[in-house]
Amino acid sequence: MATITESVTEALLGTTQEPQLSQQTRAEFMKHARKDEQTDEYYLGEEEFIEAIAPESEDYHKIKRSQYAILFRVADRRRTGRVTLQDWGTFDNLLSKPDAEYEIAFRLFDTDGTGVVTFDEFQKLYNLNKGENTIPFDWNSEWASLYIGRKRKRHDMTYPQFSQMLRGLQGERVRQAFHYFDTNGDGYIEPEDFQRIILETSSHKLSDHLLENLQTLCNISSGSKISYANVRAFQNIIREMDLVELIIRNATKKSEDGKITRTDFLNEAARITRFSLFTPMEADILFHFAGLDAPSGRLAVSDFAKVLDASWHNAYDFGVKAAGIASDTAAKMSSKGQGLLYGVLESAHHFALGSLAGAFGAFMVYPIDLVKTRMQNQRSQRVGEMLYKNSLDCARKVVKNEGFLGLYSGVLPQLVGVAPEKAIKLTVNDLVRGRYSDPKTGAIWLPHEILAGGSAGACQVVFTNPLEIVKIRLQVQGEIAKTTDTPRRSAMWIVRNLGLVGLYKGANACLLRDVPFSAIYFPTYNHLKRDYFGESPNKKLGIVQLLTAGAIAGMPAAYLTTPCDVVKTRLQVEARKGEQTYKGLVDCAKTVYRQEGFRAFFKGGPARILRSSPQFGFTLAGYEVLQNLLPLPGSEHANDPRGHAEPAVGLAEARAPLPFIRSRNALKVILDLDESFGKPKMPKGQSWVGIPGFGGRSGGAAVAA
């Protein structure tokens, strides 16, 4: 059993020795292995190997899942048609190497395991796997001879030489294919020929949008044919996709509407690049393909995504294959902005997520809320009634007298009530903002932002007031029990005792607190996200940024509404014998001011900030995270399969496990040789199952059609 240090070292650096298998490697093997009944040995056949290395949940519309069988040949070192536990450990360790993609390709052709690839074994395997109608490639060309020597002076290729040869192979394949179709030698080919060249050399790397519109490249010039300059410019763009995306991202961030022109792109490229300058033709090609559906010339990241993102699906694949028929139906309803059922589902979805986020936020800060309530209820004019000097003293005495759980007195009703309270607040704010926001840019006028927040605060009082009055009476029970013989009451007893009318005692004060709070909070939160943290269609904020924005926005909202909260607390708490009672909102405010002074209106203010600020930070961050984790089926985010096995647009990293990503990248390198690598062959008169020599077997004569 490998030690932790050895496992980490192997994962980081790799090893050429027989590895000690980690528990994770062994567990993954045993999860898919079958048992040989005669020898009691566990092993992976070709099908089991594919199950282990290529999860069904991934997207295989570019590189077919069956093509992962090509990697079985690399893992099956002894050519037995089986991958043993030790074989699997070696292959898994190989995937941890930083250059695993090229080493896997090298080992595929190094059939003898000698550390070099001979031209004969390379050509044999290449011919075995290339497509029957593949555009011919001349391995005796000047380019090929630089790597493998001329016909009579062939030499073996080491791993570095082989890797570098693969690196430049695709460009040479395109060059030779162009000459193949340029029969009259005038430097031009037909659009259909160009499309075939790219489909045979690069279809495993390019988006559906690009592949379906390749023939339109002829439209960037006045003629109807495609020149070699066009082809080379196209190749340069697809080779520099990552750099192109960085330039686009930087340029769109500087644009007010998130859109850029060809000039903006070239200007930003000049600022970023040092050694690679994009030519006018390359920029024309990029904007041509990205702007096929937006002829205005001003393009957003979503337009470029169809070119940059290799996992981009066409509409049919995206709706039916990726999302499923049910999600496709919902997506259509959503895209049309119609469908009563979808609207109800969307509101219910927002409500459910808001409930979960609200309960999470309330639980995280409940002890602070309890301290705040007890501080606000403390009557300073009565001698001997000063139980707490400050918020910290209050917290210490609660723990001392009532135990740690005393800090959570009344938390269950709070969690039950805060879920619909926060849900309706978030839902109403979203609905009103959506009503007044610009559908194209998402911009909204500040007074409308305040209206949306205020409306959300007003609607939540339906749930807030009953919740608050029950919560407050439960929170002060602990200190009452220390000074009187009053028995502890349950939440249900308080509800029955108050009745429906009593549950809304102090509702006007609650309304006076919640409307301005939300009117301050939501606009502040959204402006912090957009103006300070730079959220835009091209930049998505992380959890820490969302938490920070929510917490900062809660500070002024909480402190400025503290006077209303003090009045509400005094009205809703059950007065003890001899304590001042209040006739209403105005009487309470006048009495507090007359007896305790202006400062009494800000009792518990710091505790309120410490409670409300992080609570709404947790709630809003939780709400937005849940929207990403649990999207509504049919929504844009739910249907988007990008960013898991393939990096997503916006320079977001792929989220799939690294071994799977390296396996896929290794296949991309191998498929640069020929798109047919790993695909089952069906020679004339024979039908093949699997790949000959790769665990496959030949069948009998094919049945004539």
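Buried residues are those under 20% relative accessible area, exposed residues those over 50%, and partly exposed residues those in between (1.4 Å probe, protein chains only). By this rule Glu-200 is buried, because its relative accessible area is 17%. The structure is a predicted model, in which local features need pLDDT of at least 70, side-chain atom pairs count only at pLDDT 80 or more, and totals for chains, interfaces and linings use all residues. Residues are numbered from 1 along each chain as its sequence is written, and side-chain values use heavy atoms, with hydrogens and water left out.

Glu-200 is found in helix H10, residues 191-202. Helices (H or I, at least four residues) and strands (E, at least two) are DSSP runs, numbered from the N terminus. Contact means heavy atoms within 4.5 Å. Not counting residues up to four places away in sequence, Glu-200 touches Asn-133, Thr-134, Ile-135, Arg-173 and Glu-675.

For "domain: EF-hand", an unreviewed UniProt entry lists residues 97-132 and 169-204. UniProt positions are given in the numbering used here, feature names are shortened, and annotations may be inferred rather than shown by experiment. In the model, residues 97-132 are 58% helix and 6% strand, with their end C-alpha atoms 34 Å apart. Residues 169-204 are 69% helix and 6% strand, and their end C-alpha atoms lie 15 Å apart.

Asp-293 counts as exposed, because its relative accessibility is 57%. This residue is found in the loop between helix H15 (280-290) and strand E8 (299-300). Asp-293 touches His-209 and Lys-306, not counting residues up to four places away in sequence. The side chains of Asp-293 and Lys-306 are joined by a polar contact of 2.7 Å. A polar contact is a pair of N or O atoms within 3.5 Å; within protein, one must be able to donate a hydrogen and the other to accept it, and residues adjacent in sequence count only if both atoms are side-chain atoms. Asp-303 is 10 residues from Asp-293 along the chain, and their C-alpha atoms are separated by 7.9 Å.

Helix H31 spans residues 658-671 and has 14 residues. Its first and last C-alpha atoms are 20 Å apart, close to the 20 Å expected. The expected span is 1.5 Å times one less than the number of residues. H31 is mostly covered, with 11 of its 14 residues buried. Among them are Phe-660, Ile-661, Arg-662, Leu-667 and Leu-671. The buried residues of H31 pack against helices H3 (46-53), H4 (70-75), H5 (85-95), H6 (100-109) and H9 (159-181).

Aromatic rings were also searched. Rings of Phe, Tyr and Trp (its six-membered ring) pair if their centres lie within 6.5 Å; planes under 30 degrees apart count as stacked, over 60 as edge-to-face and the rest as tilted. The whole structure holds 34 aromatic pairs. Phe-265 and Phe-287 have ring centres 6.0 Å apart and planes at 70 degrees, so the pair is edge-to-face. This pair links distant parts of the chain, with Phe-265 in helix H14 (residues 262-272) and Phe-287 in helix H15, 22 residues apart. Both Phe-265 and Phe-287 are buried. Tyr-521 and Phe-522 also form an edge-to-face pair, because their centres are 5.5 Å apart and their planes lie at 80 degrees. Tyr-521 and Phe-522 are both buried.
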